[in-house]
Amino acid sequence: FIQLPQIVVIGTQSSGKSSVLENLVGKDFLPRGNGIVTRRPLILQLVHTEESEEYGKFLHLEDERFGDFLQIKEEIQKETDRVSGTNKAISPDPIRLTVYSPHVLNLTLVDTPGITKVPVGDQPEDIEKQVRELVVSYIKNPNSIILSVTPANTDLATSEALKIAKHV
């Protein structure tokens, strides 16, 4: 089988990675908040359809269709907490979501946890190393296109995401 390109979104915690993804989809469907919110990779497959109905399907709930994107947001949070716990731990186990819409291009995107320096909650002391290794595991794939998101108020010369991308 042919492995198609995927766009892997990387950046520091709260840099706007999820906002970029939502703009590509045209829907508000990703959990947001302070601190580390994306705690598992989200593999987001966009599928262009001719149907007017827009909906999402999760691999772990293969028979269920989500027409309400608020419910998609809630399921992402619920599934994150189920695997990673409720106190800020991360997991390399991805959530797989497919969004069907007449308003998207056929594309695979990966939302990764934000690069962080200081552990919070139940995070281990080596959280920076864990996140970095998780991010690198996705971007080292030769079929990955790296989309490095850096806040507008950050000097690009100090961007952790760009630094990681350059080393791959």
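# Second largest pocket

The second largest pocket has 16 lining residues, and those nearest its centre are S14, S18, G33, V37 and T38. A pocket here is an open set of points on a 1 Å grid over the protein atoms alone, with protein on both sides within 12 Å along at least five of seven lines, and a lining residue has an atom within 4 Å of a point. The space in this pocket comes to about 220 Å³ (the space filled by probe spheres set on the points, which are joined across faces, edges and corners).

The model is predicted, so local features need pLDDT of at least 70 and side-chain atom pairs pLDDT 80 or more, while totals for chains, interfaces and linings use all residues. Numbering runs from 1 along each chain as its sequence is written, and side-chain values use heavy atoms, without hydrogens and water.

# S14 and S18

Two of the residues nearest the pocket centre are S14 and S18. S14 sits in the loop between strand 1 and helix 1 (DSSP runs numbered from the N terminus: H or I of at least four residues for helices, E of at least two for strands). S14 counts as exposed because its relative accessibility is 56% (exposed is over 50%, buried under 20%, partly exposed in between; 1.4 Å probe, protein chains only). The phi of S14 is positive, near 60°, in a residue other than glycine. Most residues other than glycine have a negative phi.

S18 belongs to helix 1, residues 17-25. S18 is buried because its relative accessible area is 13%. Its side chain makes a polar contact of 3.1 Å with the side chain of D111 (N or O atoms within 3.5 Å, one able to donate a hydrogen and the other to accept it; residues adjacent in sequence count only if both atoms are side-chain atoms). Beyond neighbours within four places in sequence, S18 is in contact with L30, T38 and D111 (heavy atoms within 4.5 Å).

# Largest cavity

S18 also lines the largest cavity, together with L30, P31, V37, T38, R39, R40, L42, I76, Q77, T80 and D111. A cavity is a set of grid points where a 1.4 Å probe fits but cannot get out. The volume of the largest cavity is about 100 Å³. Helix 2, residues 69-84, gives the most to this lining, with three residues.

In helix 1 the buried residues are K17, S18, L21, E22 and V25. They line one face of helix 1 because they fall within an arc of 130° seen down its axis (the arc of directions from the axis to the C-beta atoms). The elements covering them include strand 1, strand 2 (42-48), strand 4, strand 5 (107-111) and strand 6. Just after helix 1, G26 has a positive phi of about 85°.

Helix 4, residues 160-167, has E160, A161, I164 and A165 as its buried residues. These lie on the same side of helix 4, because their arc around the axis is only 135°. They pack against strand 1 (6-11), helix 3 (127-139) and strand 6 (144-149). K166 and H167 are exposed, on the face of helix 4 turned away from its buried side.

# S101 in strand 4

Strand 4, residues 95-101, contains S101. S101 counts as buried because its relative accessibility is 1%. The side chain of S101 reaches the backbone nitrogen of H103 at 2.9 Å. Leaving aside neighbours within four places in sequence, S101 contacts V47, H48, T49 and E54.
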